[in-house]
2 protein chains.
Amino acid sequence: MTDALSLTFSALADPTRRAMLLRLSHGPATVKELAEPFQFSLPTISKHLQVLERAGLIERGREAQYRPAQLQTAPLEDVAHWLETLNWENNLDRLEEYLCELQQGRQA
Amino acid sequence: MTDALSLTFSALADPTRRAMLLRLSHGPATVKELAEPFQFSLPTISKHLQVLERAGLIERGREAQYRPAQLQTAPLEDVAHWLETLNWENNLDRLEEYLCELQQGRQA
DNA sequence: CATCTATTTAGTCAATTAGCTAAATAGTAA
DNA sequence: TTACTATTTAGCTAATTGACTAAATAGATG
């Protein structure tokens, strides 16, 4: 999918990538550092990082041979916002239902 | 992926499925009703519902020929919780950093 | 320059996904 | 029973994904 939310959700739909983000929530890290807890090859880790980058969940710097990744929270906020919207609509409906019941109570 | 969070995130990583959930946040709906806004075939819609069901995002009833779907919010709360955890760790680190700076300031 | 470390690219492969049509099943109603 | 509506299953296809190894690139250092 090309839309931003879908990119974000699908980037988050992998436990390795989520673990990486958790690691990055403690501060920037290099590819090798991020790879350490896992048994995957470095190219595999590199690809995971590309997925996270494409979703805007990380940004990458350039320091010597290192390309340190840093967590970016904007897409996470978009996700939180979408969740709130779902709930907000839910609550609006509940309110509407409640008002309807009130009105019917008055008419009965 | 077999873990619950991954199932949830990957179920949410599709705009059609997200639109369905939004629709369901207004109340239960049948497959046909859910299919209406889209140009996809019914089998396709049915498969999307199976994905949502497998992720626990909907539950389905049985009323005559209809199999109405109903939004389930538990997995959404798990997602919200995971997002909070990320941020919570983030904030903890910031606090720690801040305390470090304070201490160094005292030593300087 | 030669080499070492960090990272990415290229190319392969198996599994999964999202769509389709055609056919099967479940339940209602004539 | 037959026919109609709602939904799912089966089987197909093309695209995507996540893993790998081998090789290429970027930069630092002997």
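Q: Why are helices α2(B) and α4(B) called roughly perpendicular to each other?
A: In this predicted model, helix α2 (residues 15-24) of chain B and helix α4 (residues 42-54) of chain B pack at an angle of about 75°. Angles of 65 to 115 degrees count as roughly perpendicular. The angle of about 75° lies in that range, and the two helices are therefore described as roughly perpendicular. Their axes are 10 Å apart.

Q: Which residues make the contact between α2(B) and α4(B)?
A: From α2(B) come T16(B), R17(B) and M20(B), and they meet H48(B), V51(B) and L52(B) of α4(B). Sorted by class, this contact has three nonpolar, two polar and one charged residues.

Q: What makes the length of α4(B) close to the expected value?
A: Helix α4(B) has 13 residues, and 18 Å separate its first C-alpha from its last. The expected span is 1.5 Å times one less than the number of residues, and for α4(B) this is 18 Å. The span of α4(B) is therefore close to what is expected.

Q: How do you know that the buried residues of α4(B) are on the same side of the helix?
A: The buried residues of α4(B) are H48(B), L49(B) and L52(B). They cover an arc of only 100° around the axis, and so they are on the same side of α4(B). On the other side of this helix, P43(B) and K47(B) are exposed.

Q: Against which elements do the buried residues of α4(B) pack?
A: They pack against α1 (4-12), α2, α3 (31-35), β1 (58-60) and β2 (69-71) of chain B. Just after α4(B), the residue G56(B) takes a positive phi of about 75°.

Q: Why is R60(B) called partly exposed?
A: R60(B), which is found in strand β1 of chain B, has 16 other C-beta atoms within 10 Å. A residue is buried at 20 or more such atoms and exposed at 12 or fewer, with partly exposed in between. The count of 16 falls between these limits, so R60(B) is partly exposed.

Q: Which residues does R60(B) touch, not counting residues up to four places away in sequence?
A: R60(B) touches E53(B), R67(B), P68(B) and A69(B). The C-alpha atoms of R60(B) and Q50(B), which are ten residues apart along the chain, are separated by 9.9 Å.

Q: What makes the phi of A64(A) and of A64(B) worth noting?
A: Most residues other than glycine have a negative phi. A64(A) has a positive phi of about 50° although it is not a glycine. A64(B) is not a glycine either, and its phi is positive at about 55°.

Q: Where is A64(A), and how do you know whether it is buried or exposed?
A: A64(A) is in the loop between β1 (58-60) and β2 (69-71) of chain A. It has 5 C-beta neighbours inside 10 Å. A residue with 12 or fewer is exposed, and A64(A) therefore counts as exposed.

Q: Why is A64(B) placed in its exposure class?
A: A64(B), in the loop between β1 and β2 of chain B, has 5 other C-beta atoms within 10 Å. The limit for an exposed residue is 12 or fewer, so A64(B) is exposed.

Q: How many residues of chain B are in contact with chain A, and which element gives the most?
A: In chain B, 22 residues are in contact with 22 residues of chain A. The elements of chain B that give two or more residues to this side are α1, α2 and α5 (74-107). Helix α5(B) gives the most, with eight residues. By class, this side of chain B has twelve nonpolar, six polar and four charged residues.

Conventions:
Residues numbered from 1 in each chain as written. Chains lettered and ligands numbered in written order. Predicted model: local features only at pLDDT ≥ 70, side-chain atom pairs only at ≥ 80, totals over all residues. Axes fitted to C-alpha atoms, helices over the stretch in contact; angles between N-to-C directions. Helix = DSSP H or I, 4+ residues; strand = E, 2+ residues; numbered from the N terminus. Parallel < 35°, antiparallel > 145°, perpendicular 65-115°, else oblique. Contact = placed C-beta atoms within 7 Å. Nonpolar A, V, L, I, M, F, W, Y, C, P; charged D, E, K, R; others polar. Arc of directions from axis to C-beta.
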